[in-house]
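Below is a short report on one protein model.

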Amino acid sequence: MKNLVLIFFSFFLSCFSCKKETKSPIATAPISGIPAETKSDIDFWLTKGDQSVLLQKVNAILAFGNQTNSNVFIEIDSTKTYQTIDGFGYTLTGGSAELINKMETPAKAKLLQELFASGANDISISYLRISIGASDLSSSVYSYDDIPAGNTLNNFSIAKEKKDMIPLLKEILAINPKIKIMGTPWSPPVWMKDNGSTIGGNLKPEYYEVYAQYLVKYLQAMTAEGIDIEAITAQNEPLNPKNNPSMYMSAIQQAEFIGKNLGPAFQKAGIKTKIIAYDHNCDEPNYPITVLSDSKANPFVDGSAFHLYGGNISSMTTVHNAFSTKNVYFTEQWTSAKGEFAGDLKWHLRNVIIGSMRNWSRIALEWNLANDALYQLHTPGGCNECKGAITINGSIISRNVSYYVIAHVSKFLPAGSIRIESNNAGNLQTVAFKRPDGKKILIAENDGGEAITFNIKFNGKWSTTTLGGGEVATYVW
């Protein structure tokens, strides 16, 4: 009988031990030579392409040590520094603002808190781009002076923005007073254009000065509402005259407009808002180089903005190297209604986040913040396949791939963070930062299909972790 009792007791202890050793399904591989009770030095958050894990903090021990292994190294060197970061976020389109404002008050308040606050469950968006007048993701086409009155701008008014955009921006600023805002025009009033249309055409030379004053009045009107605009670009996608609204503006035209009209108008009015050139694809780096090479425009231009619907992200470095005292900004990339989560997650992390940051960008912005289940709101002829970061259906929110693309950086990297040195290794794409509080951040994306076990090395010690194929992670220590 005594032997039976001992056998039963041993069996009980064995089962209890098995339960204690059960691991989280998303925990990384244990680190050889480090006791299980060791405190983790690194926290990290993970998103998987199959959506089984979405910006989830991983329960794993990642401790720095010097255990020899054969894994590849990702080495972070905080003594090598690059650009300062201004923020991460989206374009808050007119359509996005309308949809958010139609939500029931409690649901809207909860959403804005999640997007713009810095709590444990929030993603801390720190930069927004808005349209000056309508974009193609506004519910209608408009400017701030649709009734011409000679050259006087007597009919100028931002009243259309007071219904949705301005009230929403004020709510956002109440949550995050430090958020930065960029303004971008899609088209001036049609009476200033040579084709009299909201689509395409050129700004008539005789209206260069009037249009400069139009933009001055916009900035002054927004300031009067308590909304400071950090920067403006001279024209959205100046080589794409097909959107509704849109306008064609050559590099020579933009250089002349900034150098002779817009820059001096800002200077005379005492406006400190930055002027940013180009704001189009990476396939035409000669456009911003032409603007910056203009002796009259150059003193007024803070830098150049880029999208990536064409070309290579390395063009940002090409322009940076040509004018190293000028900044570069990544301002737009859409995700398509026809896109697939896993593929978009990899591509956007590799290019929009890691790629732009490794090529000197101060910001990384995805395209529209919100739309409905039918990919509205948009103008007639506007984009009908642009997928927002969130889909709003009444007060029900669905979080889409670009939500997680931006959240993997915005949640962890406040303005003032500085990019520091890190390397890539095979399919591992990385970028690293030092925050104002001294913490280090590593963004990593496995661009391949197979899991990679690697070492994060810092200050002569390293920690071993595994990232599955197509997965992205943010590491913090």
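## Cysteines

The torsion about the S-S bond of Cys 383 and Cys 386 is about 105 degrees, so this disulfide is right-handed. The sulfur atoms of the two residues lie 2.1 Å apart; a disulfide here is a pair of cysteine sulfur atoms within 2.5 Å. By this rule there is one disulfide.

Cys 383 is buried at 16% relative accessible area, and Cys 386 is buried at 3%. Buried means under 20% relative accessible area, with a 1.4 Å probe and protein chains only. Cys 282 is in no disulfide, and the nearest cysteine sulfur, that of Cys 386, is 18 Å away. Cys 282 is also buried, at 1%.

## Basis of the model

The model is predicted: local features need pLDDT of at least 70, side-chain atom pairs count only at pLDDT 80 or more, and totals for chains, interfaces and linings use all residues. Residues are numbered from 1 along each chain as its sequence is written, and side-chain values use heavy atoms, leaving out hydrogens and water.

## Helix H5

Helices (H or I, at least four residues) and strands (E, at least two) are DSSP runs numbered from the N terminus. The buried residues of H5 include Tyr 208, Tyr 211, Leu 215 and Met 222. Gly 226, with a positive phi near 85 degrees, follows H5.

## Sheet

An open sheet of nine strands runs in the order E2-E1-E22-E19-E18-E17-E3-E20-E21, with mixed pairing; two strands pair if DSSP finds at least two bridges between them. E2 (56–57) and E21 (461–467) stand at the edges with a single partner strand each, so one side of each has no neighbour in the sheet.

Technical notes:
Buried means under 20% relative accessible area, exposed over 50%, partly exposed in between (1.4 Å probe, protein chains only).
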